[in-house]
Amino acid sequence: MDAVRLIMTSRRALAAGGGAGELLTEVWQAQALAQAIGSRLAVAGPPELRGEALGLTELAGRGCGVLDIPDLDPGELRAARLTELGEPHPVLMHLGGLLGEVGIALVGLASSAEDEATYWQCMEAIDAADESRDRVLEMLRKLATHEALLLQREAG
């Protein structure tokens with residue numbers, strides 16, 4: 001499945017909410033998907049994005065690592081269904097939106113956490129999602145700069 005469709009599926013699942021366990025599972029799924037997309041971009045994406053993409057892979061991996069691993073069947077893991085990346089710009093736009101929504105969901109969950117462990121897990125996951133989103137925004141900036149340079153060369 002292509003990256004944008006998987007991101008949209010994650011966004012809908014995150015918005016559907018549920019209890020704390022379901023929400024943390026969706027956050028983990030989103031971070032795993034960000035990790036997979038970052039990995040693909042680092043290996044086969046535009047050269048100007050590879051360093052930031054590698055950073056995204058590491059940060060999203062940290063985002064998964066601070067959360068309890070959900071009990072998912074292999075077919076339920078969205079990141080494993082990633083078959084096509086597509087154009088980087090729309091993928092990164094949608095991924096940035098997803099990571100922003102992850103942060104918002106985690107703030108809500110942290111504020112209503114019934115135990116300290118869940119609260120701190122949410123706080124660490126918020127930090128990872130925010131840093132991952134920063135990497136995505138930096139990649140979008142680099143893409144825009146690269147495209148502007150190409151347009152200048154064509155016009156000049």
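# Close-up views of a predicted helical model

View 1. Arg-62 is partly exposed, with a relative accessible area of 33%. Buried means under 20% relative accessible area, exposed over 50%, and partly exposed in between (1.4 Å probe, protein chains only). The model is predicted: local features need pLDDT of at least 70, side-chain atom pairs count only at pLDDT 80 or more, and totals for chains, interfaces and linings use all residues. Residues are numbered from 1 along each chain as its sequence is written, and side-chain values use heavy atoms, leaving out hydrogens and water.

Which residue meets the side chain of Arg-62 in a salt bridge of 3.1 Å, N to O? That partner is Asp-127. A salt bridge needs a side-chain nitrogen of Lys or Arg within 4 Å of a carboxyl oxygen of Asp or Glu. Asp-127 sits in helix H5 and Arg-62 in helix H3, so this pair ties together parts 65 residues apart in sequence. Helices are DSSP runs (H or I, at least four residues), numbered from the N terminus. Asp-127 is partly exposed, at 36% relative accessible area.

Arg-62 also forms a salt bridge with Glu-131, where the closest N and O atoms are 3.6 Å apart. Here too the link runs from H3, which holds Arg-62, to H5, which holds Glu-131, so it ties together parts 69 residues apart in sequence. Glu-131 has a relative accessible area of 27% and is partly exposed.

**View 2. A buried salt bridge joins Glu-26 and Arg-78.** The structure has 7 salt bridges in total. In this one, the closest N and O atoms of Glu-26 and Arg-78 are 2.8 Å apart. Glu-26 belongs to helix H2 and Arg-78 to the loop between H3 and H4, so the pair ties together parts that are 52 residues apart in sequence. Both residues are buried. For Glu-26, the relative accessibility is 14%. H2 spans residues 20-44. Leaving aside residues up to four places away in sequence, Glu-26 touches Ser-10, Ala-13, Leu-14 and Arg-78. Contact means heavy atoms within 4.5 Å.

View 3. Leu-77 is placed in the loop between H3 and H4. Buried or partly exposed: which describes Leu-77? Leu-77 is partly exposed, at 25% relative accessible area.

**View 4. Tyr-119 and Trp-120 form an aromatic pair.** The structure holds 1 such pair. Tyr-119 and Trp-120 are edge-to-face, at 5.0 Å centre to centre and 80° between the planes. Rings of Phe, Tyr and Trp (its six-membered ring) pair if their centres lie within 6.5 Å; planes under 30 degrees apart are stacked, over 60 edge-to-face, the rest tilted. Tyr-119 is part of H5.

**View 5. A nonpolar patch lies on the surface.** Tyr-119, Trp-120 and Met-123 make up this patch. Together they have about 280 Å² of accessible area (Shrake-Rupley method, 1.4 Å probe; for residues, only the protein chains shown count as cover). Patch residues have over 30% relative accessible area and no salt bridge; like charges are joined within 9 Å, nonpolar side chains (Val, Leu, Ile, Met, Phe, Trp, Tyr) within 5 Å.

**View 6. Helix H3 and its buried residues.** H3 runs over residues 50-65, 16 residues in all. The helix reaches 22 Å from its first C-alpha to its last, close to the expected 22 Å (1.5 Å times one less than the number of residues). The buried residues of H3 include Glu-52, Gly-55, Leu-56, Leu-59 and Cys-64. Against which helices do the buried residues of H3 pack? They pack against H2, H4 (88-111) and H5. Glu-52 is also linked with Arg-135 and Lys-142 in a network of salt bridges.

**View 7. Helix H5 and its buried residues.** H5 covers residues 116-155. Its 40 residues reach 58 Å from first C-alpha to last, close to the expected 58 Å. Among the buried residues of H5 are Cys-122, Ile-126, Val-136, Met-139, Leu-140 and Leu-143. The buried residues of H5 pack against H2, H3 and H4.

Methods
Helix = DSSP H or I, 4+ residues; strand = E, 2+ residues; numbered from the N terminus.
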